[in-house]
Amino acid sequence: MAEFVAALDQGTSSTRFIIFDHSGGVVAQDRKEHAQIYPRPGWVEHDPLELWTRSGEAIEGALRKAGLETSDLVAVGVTNQRETAVVWDRRTGRPVHNAIVWQDTRTDRICGDLARDGGADRFRARVGLPLATYFSGPKIRWLLDNVEGVRAGAEAGDLLFGTVDTWLIWNLTGGTEGGVHVTDVSNASRTMLMDLETLDWDSEMLHVMGVPRAMLPPIRASSEVYGACGHPLAGVPVAGDLGDQQAAVFGQTCYSAGEAKNTYGTGNFMLLNTGTRPVPSRSGLITTLGYRIGSQPAVYALEGSIAITGALVQWLRDNLGMIGTSAEVEELAASVDGNGGCYFVPAFSGLFAPHWRSDARGVIAGLTRYVTRGHIARAALEATAWQTREVYDAMNADSGVALSSLRVDGGMVGNDLLMQFQADVLGVPVIRPRVAETTALGAAYAAGLATGYWRDLGELRQNWQVDRTWEPSMAAAQVEKEYRLWKKAVARTFGWVE
């Protein structure tokens, strides 16, 4: 008898397959990294075939570690890096180009041209998003305009588009042998092509972006059975599909309006559940879909997206050689009492929420002879907390409700120094759950709900337990003094790209 659910979690730097039991506990997992491809400054790509290969390896690795067969799995959910765009040939299964990653800035000119008539918020009321390189609609446009034969193939119905969830589900369910071409509302809401109210592709947006409807997947709920897997999960239903940040909302059991979570990964993403109506932002956030369970009303969210947080630690490791492993950054940062007056704004690919400045580039401000590598490491960690503070302030302003605490997850929440500083600069408790793998857990929850493994949201709430809470301890006056300096450093990043 099948006893477990699983999630395929395809992220920016790696792919994981995690198996969960009924209490939401991790039974086994496996992780495989993939290559980051940088063809030019500001361009970031992944090989879609490598993503699929690493997915298969992670699936087989986790099953082997657990000593399980595919018949032991009730269902599998998929969660993914959201705005990354893939176009492939439905007949051969071959991508026409590398995937264009969400961090990529090559569509800056496309976004600028579209913003000339109506500004960056031209389509915000319709799709919830500003015109920005972050989202996948302009990436599709770039592929159609710049890769030979793509537009003709798309218009003929031979080429398919998908964010990474769509690519993986198509391959999981058979690929060229009857693969299911589908996405969910959370991923579709990141394309700039879906109407927030109708939850369908918007004809005017397709016309403006020049995207043929024939290449787009049908938009489905986040929790329903889409099809059955072939190899390497033969017969297991694919029954959950959520963009990674919405999956974390689901895994953190933020099911009521006013509940929020923050995920610390390659970038940071804070989402606030706003209920069954979209809430427009006046403070630089985006309005997005949270999730939809079967035929129930969709749940919306306000989101603050930060491009570079954990990636800054990787940059210290890989580009500067300042640390040997990412985990070493905490010890190095703790070797000094403060940042030494140094502020690091990692606008490597522009600034996302709440600024939305694609012309920004990274700066280190306040350097003196006093500053050491320890101070730079500490400033790098503090950058994550300060960027989160900016989003937190915007979220309070838009929602009209001051958040009383923040649930956190992701790879950086094991960094105690960062979590304490985060509580200090927000002035509210920061709470880490016992199961930190909330992104994968959310996808597993969605799949388990669709197949009856869990009865309802109440049963999922009972699984959520606190691991640790950090209480604010820094004097408010000191926080506000340092916050002013942070904002001064942010202003120095503007207008670098001409």
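Helices here are DSSP runs of at least four residues, marked H or I and numbered from the N terminus. By that rule, N171 sits in helix α6, residues 164-172. The model is predicted. Two packed helices are described by the angle between their axes and the distance between the axes.

**Helix α12 and its partners**

- Helix α12 spans residues 373-399, and helix α16 spans residues 476-493. Their axes lie 11 Å apart, at an angle of about 95°.
- Angles of 65 to 115 degrees count as roughly perpendicular, so α12 is roughly perpendicular to α16.
- On the α12 side, E382, A383, W386, Q387, R389, E390 and D393 make the contact. On the α16 side, the residues are V479, E480, E482, Y483, W486, K487 and V490.
- This contact of α12 with α16 holds seven charged, six nonpolar and one polar residues.
- Helix α13 covers residues 416-426. The axes of α12 and α13 come within 9 Å and cross at roughly 35°.
- The α12 and α13 crossing is right-handed.
- From α12, the contact with α13 uses R378, L381, E382, T384, A385, W386, T388, R389 and Y392. From α13, it uses L417, L418, F421, Q422, V425 and L426.
- By class, the α12 contact with α13 has nine nonpolar, three polar and three charged residues.

**Helix α13: burial and ends**

- Helix α13 is mostly covered, with nine of its 11 residues buried.
- The buried residues of α13 are L417, L418, M419, F421, Q422, A423, D424, V425 and L426.
- N415 caps the N-terminal end of α13. One of its side-chain oxygens lies 3.3 Å from the backbone nitrogen of L417.

**Helices α9 and α14**

- Helix α9 runs over residues 244-251, and helix α14 over residues 438-450. Their axes come within 6 Å and cross at roughly 75°.
- Helices α9 and α14 are therefore roughly perpendicular to each other.
- Helix α9 contributes D244, A247, A248, F250 and G251 to the contact. Helix α14 contributes T438, T439, L441, G442, A443, Y445, A446 and L449.
- Eight nonpolar, four polar and one charged residues make up the contact of α9 with α14.

- N171 has 14% relative accessibility and counts as buried, because the cut-off for buried is under 20%.
- The N171 side chain reaches the backbone oxygen of W167 at 2.8 Å.

**Buried loop threonines**

- T84 lies in the loop between β5 (73-80) and β6 (85-89). At 0% relative accessibility, T84 counts as buried.
- T84 and V164 are 80 residues apart in sequence. Their C-alpha atoms are 6.5 Å apart in space.
- Not counting residues up to four places away in sequence, T84 touches A99, I100, V101, W102, G162, T163 and V164.
- The side chains of T84 and Q81 make a polar contact at 2.6 Å.
- T266 lies in the loop between β13 (260-264) and β14 (268-275). T266 is buried, with a relative accessible area of 17%.
- Leaving aside neighbours within four places in sequence, T266 is in contact with T12, W102, Q103, A307, I308, T309, G310 and A311.
- W102 is among the contacts of T84 and among those of T266.

How values were computed
Residues are numbered from 1 along each chain as its sequence is written. This is a predicted model: local features need pLDDT of at least 70, side-chain atom pairs count only at pLDDT 80 or more; totals for chains, interfaces and linings use all residues. Side-chain values use heavy atoms; hydrogens and water are left out. Axes are lines fitted to C-alpha atoms, for helices over the stretch in contact, and angles run from 0 to 180 degrees between N-to-C directions. Helices (H or I, at least four residues) and strands (E, at least two) are DSSP runs, numbered from the N terminus. Angles under 35 degrees count as roughly parallel, over 145 as roughly antiparallel, 65 to 115 as roughly perpendicular and the rest as oblique. Contact means heavy atoms within 4.5 Å. Ala, Val, Leu, Ile, Met, Phe, Trp, Tyr, Cys and Pro count as nonpolar, Asp, Glu, Lys and Arg as charged, and the others, Gly among them, as polar. A crossing is left-handed if the near helix is turned anticlockwise from the far one by less than a right angle, and right-handed if clockwise. Buried means under 20% relative accessible area, exposed over 50%, partly exposed in between (1.4 Å probe, protein chains only). A polar contact is a pair of N or O atoms within 3.5 Å; within protein, one must be able to donate a hydrogen and the other to accept it, and residues adjacent in sequence count only if both atoms are side-chain atoms.
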